Amino acid sequence: MTPPGLFRRWRLAAALAAAATATAASVLHGIGVGRGGPAAGAADSALSVEVGRRYGGMKRLLFPGQPDMSVAEWLDRPKDRPAVLVDVREPHEQRVSMLPGAITKQDFERNSARYRSWVVVPYCTIGLRSGIYTRELRVQGFEVRNLAGSALAWAHAGLLFETEGKATRRVHVFNADWNLLPRGYEPVISKALPTTP
């Protein structure tokens with residue numbers, strides 16, 4: 001049974017993390033990281049460059065020095081070392097699709113002891129939320145690398161996503177400002193359903 005004080009501290013930490021993410025997104029948007037990208041109908045190569053530009057700006061501003069891993073590095077990683085992709089997005093985003101083989105942040109945290117000796121690779125839409133989570137996990141002693149460019153970089157590598165065990169090209173893109181998907185992928189923008197008390 002969890003002591004009440006620990007539960008209160010966990011809820012406070014979760015609230016602070018959510019506020020930090022919202023503030024970070026607001027700051028980034030205000031300085032142009034989340035806007036001013038390629039015009040509608042831009043070439044896939046321009047969209048890919050924009051993914052890299054935005055991710056690089058966020059990393060320099062919010063989580064400098066945190067290690068990351070490109071999609072190519074994930075695909076070429078040594079197979080003798082266990083590694084896990086952790087989707088840190090909200091459940092309504094995960095229901096649209098996830099990277100193949102990924103687990104949710106909730107599943108990771110329920111079974112975190114299992115992954116102590118693994119390479120943990122969080123991801124989100126572009127790498128903001130997962131970059132912040134990377135920093136948190138490093139403090140806890142995990143070997144962790146943020147997936148640079150996250151789901152958007154995955155799409156630009158031409159890779160498929162999964163939903164309910166089936167391959168898909170549908171991807172939740174957080175909001176319209178972050179729809180930097182290449183041609184052939186279907187952007188989905190939805191909001192979380194309200195929770196009942």
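Biologist: Which residue in β3 is the bridge partner of V86?
Modeller: This is a predicted model, where local features need pLDDT of at least 70 and side-chain atom pairs count only at pLDDT 80 or more, while totals for chains, interfaces and linings use all residues. Residues are numbered from 1 along each chain as its sequence is written, and side-chain values use heavy atoms, leaving out hydrogens and water. β2 and β3 run parallel and are joined by two bridges; strands (E, at least two residues) and helices (H or I, at least four) are DSSP runs, numbered from the N terminus. In β3, V86's partner is I103.

Biologist: And which strands stand at the edges of that sheet?
Modeller: The sheet is open, with four strands in parallel pairing and the order β3-β2-β4-β5; two strands pair if DSSP finds at least two bridges between them. An edge strand here has a single partner, so one of its sides is left without a neighbour in the sheet. That applies to β3 and β5 (143–144).

Biologist: Is T104 buried or exposed?
Modeller: T104 sits in β3 (residues 103–104) and touches V86, D87, Q94 and M98, leaving out residues up to four places away in sequence; contact means heavy atoms within 4.5 Å. Buried means under 20% relative accessible area, exposed over 50% and partly exposed in between (1.4 Å probe, protein chains only). T104 comes in at 14%, so we call it buried.

Biologist: How far apart are the end C-alpha atoms of α6?
Modeller: The expected span of a helix is 1.5 Å times one less than its number of residues. α6 has twelve residues, so it should span 16 Å. The distance in the model agrees with that: 17 Å.

Biologist: What is the angle between the planes of F161 and Y185?
Modeller: Rings of Phe, Tyr and Trp (its six-membered ring) pair if their centres lie within 6.5 Å; planes under 30 degrees apart are stacked, over 60 edge-to-face, the rest tilted. F161 is in β7 (residues 161–163) and Y185 in the loop between β9 (170–172) and β10 (186–188), so the pair ties together parts 24 residues apart in sequence. Both residues are buried. Their centres are 6.2 Å apart and the pair is edge-to-face, at 85°.

Biologist: Which residue lies over the face of W74?
Modeller: A charge sits over a ring if NZ of Lys or CZ of Arg is within 6 Å of the ring centre and within 35 degrees of the ring normal. Y185 has R169 over its face, at 4.8 Å from the ring centre. Over W74, at 3.7 Å from the ring centre, it's R77.

Biologist: What is the relative accessible area of S150?
Modeller: S150 is found in helix α7, and its phi is positive, near 45°. Most residues other than glycine have a negative phi. S150 counts as buried because its relative accessible area is 0%.
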